[in-house]
Amino acid sequence: EFSHLKKLWYKTAVEGRMRTVFSLLYSPTSLAVSSIRDAYTADLEGIETDDPAIAEEIRSYLNEISPGKANDVCLYDDKLLPLYKCISLEKTLDEICQKKVWLKSGGFLVIEQTEAFVSIDVNTGKYTDKKKAEETYRKINLEAADEIGRQLRLRNLSGIIMVDFINMENQDHVDELFHVMKKILKKDTVPAKAVDITALGIMEITRKKVRRPVIEEL
């Protein structure tokens, strides 16, 4: 990144002196490149786009910051099945706009953005097995933790995040949940951290703000 910025400075400040009047010396990073910059990781399988100009722009950027990674960019070219349908983009955008997110177990999350923080409430929902309540709560909470990590990335939520998990009496299960949440957040390319679980059972999470939430962009 330092090398990339140094080249940018040289091109703008040094070579720029020899350019003709009204030449473009610098333009801000495009949304496509800034998205790659903020989210790109070594274990990513690839980057796919159906726009040749964007593909070339991303390849050029990767060649500067990580030579050899430009081959990870693939141009999608299927006239019968558009890329946005292939990856269910419309469904994902609709999901981002919904407050309620269902879990496979039948439980669900309620995600709300307030002025001061993000509130996430975990509910048992359709799960009705009361015989093994404690194990049920553990299962739903662990599934919810994984989905919360995904939703934070998907919606680009940041700042203070308060998660009201289902209360569990077994302290070992509470400790396990906290440990699992910390591991999930470590995978995030944006710095995020599980801080604590309060006396009321609320998990406090912080996530660095790099861009506005996706719903605001939409």
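This is a predicted model: local features need pLDDT of at least 70, side-chain atom pairs count only at pLDDT 80 or more; totals for chains, interfaces and linings use all residues.
Reader: Why is helix H5 called roughly perpendicular to helix H6?

Author: The axes of H5 (residues 89-97) and H6 (residues 133-155) cross at roughly 100°. Angles of 65 to 115 degrees count as roughly perpendicular, so H5 is roughly perpendicular to H6. The two axes come within 11 Å.

Reader: What makes the contact between H5 and H6?

Author: Contact means heavy atoms within 4.5 Å. H5 contributes Thr92, Glu95 and Ile96, and H6 contributes Glu147, Arg150, Gln151, Leu154 and Arg155. By class, the contact has four charged, two polar and two nonpolar residues.

Reader: Which strands form the open sheet, and in what order?

Author: Six strands form the sheet, ordered E3-E4-E5-E6-E8-E7, with mixed pairing. On average, neighbouring strands are turned by 20° against each other, direction ignored.

Reader: Why are E3 and E7 called edge strands?

Author: Strand E3 (100-102) and strand E7 (192-197) each pair on one side only.

Reader: What makes E8 a partner of both E6 and E7?

Author: E6 and E8 pair over six bridges in the antiparallel sense, and valine 163 has methionine 203 of E8 as its bridge partner. E7 and E8 are joined by five bridges and also run antiparallel; there, aspartate 196 has glutamate 204 of E8 as its partner. The hairpin of E7 and E8 has four residues between the strands, and in it glycine 201 takes a positive phi near 85°.

Reader: Which helices lie across strands of the sheet?

Author: H6 lies across E3, E4, E5, E6 and E8, running at about 150° to E5. Helix H7 (residues 171-186) lies across E7 and E8, at about 165° to E7.

Reader: What lines the second largest pocket?

Author: The pocket has a volume of about 820 Å³ and is lined by 24 residues; His4, Leu8, Thr29, Tyr61 and Glu64 lie nearest its centre. Helices H1 (2-14), H2 (31-39) and H3 (52-65) each supply at least two lining residues. By class, eleven of the lining residues are nonpolar, seven charged and six polar.

Terms used
Residues are numbered from 1 along each chain as its sequence is written. Side-chain values use heavy atoms; hydrogens and water are left out. On a 1 Å grid over the protein atoms alone, a cavity is a set of points where a 1.4 Å probe fits but cannot get out, and a pocket is an open set with protein on both sides within 12 Å along at least five of seven lines; lining residues have an atom within 4 Å of a point. Grid points are joined across faces, edges and corners, and a volume is the space filled by probe spheres set on the points. Ala, Val, Leu, Ile, Met, Phe, Trp, Tyr, Cys and Pro count as nonpolar, Asp, Glu, Lys and Arg as charged, and the others, Gly among them, as polar. Axes are lines fitted to C-alpha atoms, for helices over the stretch in contact, and angles run from 0 to 180 degrees between N-to-C directions. Angles under 35 degrees count as roughly parallel, over 145 as roughly antiparallel, 65 to 115 as roughly perpendicular and the rest as oblique. Two strands pair if DSSP finds at least two bridges between them.
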